[in-house]
2 protein chains.
Amino acid sequence: MTTEARRKRASISDVARLAGVAVGTVSNVLNRPDIVAPATRARVEAAIKEMSFVPNAVARQLRVGTITTVGVVVLDIRNPFFTEVARGVEDRLALADHTLMLASSDDDPARERKYLQLFEQHGVVGLLVVPSGPDLDQLLEVQSRGVRVVLLDAPAGSSGLSSVSVDDEAGGALAMAHLIERGHTQVVMLNGSHDIRQCAARLVGARRAASAAGLDPEAAVREVQLRALDSASGVEATLALADAPDGLPSAIFCVNDLVAVGVQRALRLRGGTALLESVAIVGYDDIDIASELAVPLTSVRQPTHEMGYRAADLLLAPESAEIEQVVFAPELVVRASSAR
Amino acid sequence: MTTEARRKRASISDVARLAGVAVGTVSNVLNRPDIVAPATRARVEAAIKEMSFVPNAVARQLRVGTITTVGVVVLDIRNPFFTEVARGVEDRLALADHTLMLASSDDDPARERKYLQLFEQHGVVGLLVVPSGPDLDQLLEVQSRGVRVVLLDAPAGSSGLSSVSVDDEAGGALAMAHLIERGHTQVVMLNGSHDIRQCAARLVGARRAASAAGLDPEAAVREVQLRALDSASGVEATLALADAPDGLPSAIFCVNDLVAVGVQRALRLRGGTALLESVAIVGYDDIDIASELAVPLTSVRQPTHEMGYRAADLLLAPESAEIEQVVFAPELVVRASSAR
DNA sequence: CTAGGGTAATGAAAGGATTCAATGCCGAGA
DNA sequence: TCTCGGCATTGAATCCTTTCATTACCCTAG
């Protein structure tokens, strides 16, 4: 059985020859077994087993045109926020017997472009994309060629794409308003590149909250840009702050929880638990372990699973369905990290 | 440009017609631009742009046979251990200009089977699989049909597959020996199904360490089986232990860090920080945030990124390469959760 | 005994890109 | 003027499956 062969996959016509029937009949056994006579069917099935034949999905797809795979491009596969979203997508797709191909663009527009191209060339039925930059042209082009596209975690505005997102300005405002209420008037925000819309929007929201409280927005929220959005750059940035002439601020707003974890790590490294407890920290995403940290993290929660689920829903909607913008509201979860 | 069309992708012959050349010429422009006369090439390129033609990768693949996609099946995409491994895979594949399709089997052999089938039908060049059960038959079959297969996080033994794994018995032994040294002679292990090899092996290792220390292995390591390997079931199991007649043990060994996080959460729920600090906990995987928890977690570290990288390496090795078993050694990282 | 109806099986066409043997053409050399 | 070499282009064959109009066959009713 596993003797030689190997060189080449058996094809439907090999099976047909072995079973002594026409290729069409084999195809029928595969796809509409009920219309072929039991005896013939048995013979064909035996031949299939004998040759350990696996239908070539590529050829099938070429002929049939359609397929049930959805491409998902996220910014960073290691960020629990995205895997939670992906999970929501997967759960929804499973209901429709579709499958998911996941890729991670690493915030890199070139990689994003490459993956989009790859997915499109492979004829996916649709794409769910967390765009790495503000440029939606490629996505619009892809959509104009008949691939369904839904933006994830970014509002599409009037661009003509559907989207599922969270109001990031509101999230930034929630975080800042909370810190102001706790008495902090000078906050450092550890942020990512403004090419990442979420980062820009959260800053805008934070400054808006500062204005609303009668503070000078620029002075109240000082931005520090990170190289990346993970815990390592959180550590790095915090150490740099500590070493700077101004020293550490009384409060730090982090663009996501991983960064906040890094901040906590750096503070502990520098000044132990005392220092760690003296700086107020607010994160973003409310990842699973935010509540289990040494100092449980105040964070802005987004309905991750639901976002993914809903996005997949939009993608699977009938062709005729309208372009739709779904915007979820974020929610602040207060924990010890922002207590006095 | 984005006017109507939509109905159908342009094909190479549409382009050929528009440019007034033969299909073969268009194909040449696409794949070997240097051999076509500049004037012709320009004309064809204009036609391609005009029709916003995207080559159909499916047709190409059917003809050419080969492809540069690798399928990866992990147990749970939300587990940082697996995403870190996936990251290592991705990094290695990127060097070879290959791409990764990720799927999550959810510990469910049926789902695993489905994904394997899907990937194989799509003609992936290879598969990296974290098997959900002990049954490798399907994988062997797939391999016998010419798809390269590498087992991830599971030793293939003499089955004829390549594999990259960590010595889980050694890991279990490390954890238990450490707890014994700290004076714990009755440990509860929160474990997953023995169908998951890692779970079974870690228990075996723990009991081996108990024996080596002169303890009765069965009594020293009491096993409690979990429904799933996430923090929620850690919470659930811990609450059940607390409510049981025997009460909580002095030490808990968790089959992974997520479970350990759940244990900590449950302990805090039940008895606050005091209770939390009175129970020794050892986790497994040393995920990024293990060191940042309320009580930093002692954990068994595995070289995740390197495992993924190495596995991809094996997969990309020349056809002729030998079957190879790579076994990494785990390492114990001691933190506060297992202090007295 | 024939016509007609229904079931089973057939096999050619289609789908889009690549490949390669064959053709066309042009200019240079005889 | 004729021939030959080399470059550019052509278009049929191929990859494997699905689809569907057609054929083959058997049985029953007239």
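Strands are DSSP runs of E with at least two residues, and helices are runs of H or I with at least four, both numbered from the N terminus. The model is predicted, so local features need pLDDT of at least 70, side-chain atom pairs count only at pLDDT 80 or more, and totals for chains, interfaces and linings use all residues. Residues are numbered from 1 along each chain as its sequence is written, and chains are lettered from A in the order in which they are written.

**Positive phi in chain A**
- A:Asp285 lies in strand β9 of chain A, which covers residues 280-285.
- Its phi is near 115°, a positive value in a residue that is not glycine.

**Positive phi in chain B**
- B:Asp106 sits in the loop between β2 (99-104) and α6 (109-121) of chain B.
- B:Asp106 is another non-glycine residue with a positive phi, about 60°.
- B:Asp106 has a relative accessible area of 30% and is partly exposed, a class that runs between buried and exposed (over 50%).

**How the copies relate**
- Two copies of a chain are related by a rotation about an axis and a shift along it.
- Chain A superposes on chain B by a rotation of 180° with 0.0 Å of shift along the axis, at RMSD 0.1 Å.
- This is the relation of a two-fold axis.
- In chain A, A:Ala294 has the C-alpha nearest the axis, 1.5 Å from it.
- The superposition is by least squares on C-alpha atoms of residues with pLDDT of at least 70 in both copies.

**Where they meet**
- Of the interface residues of chain A, 98% are also interface residues in chain B, so the copies meet through the same surface.
- Contact means heavy atoms within 4.5 Å.

Methods:
Side-chain values use heavy atoms; hydrogens and water are left out. Buried means under 20% relative accessible area, exposed over 50%, partly exposed in between (1.4 Å probe, protein chains only).
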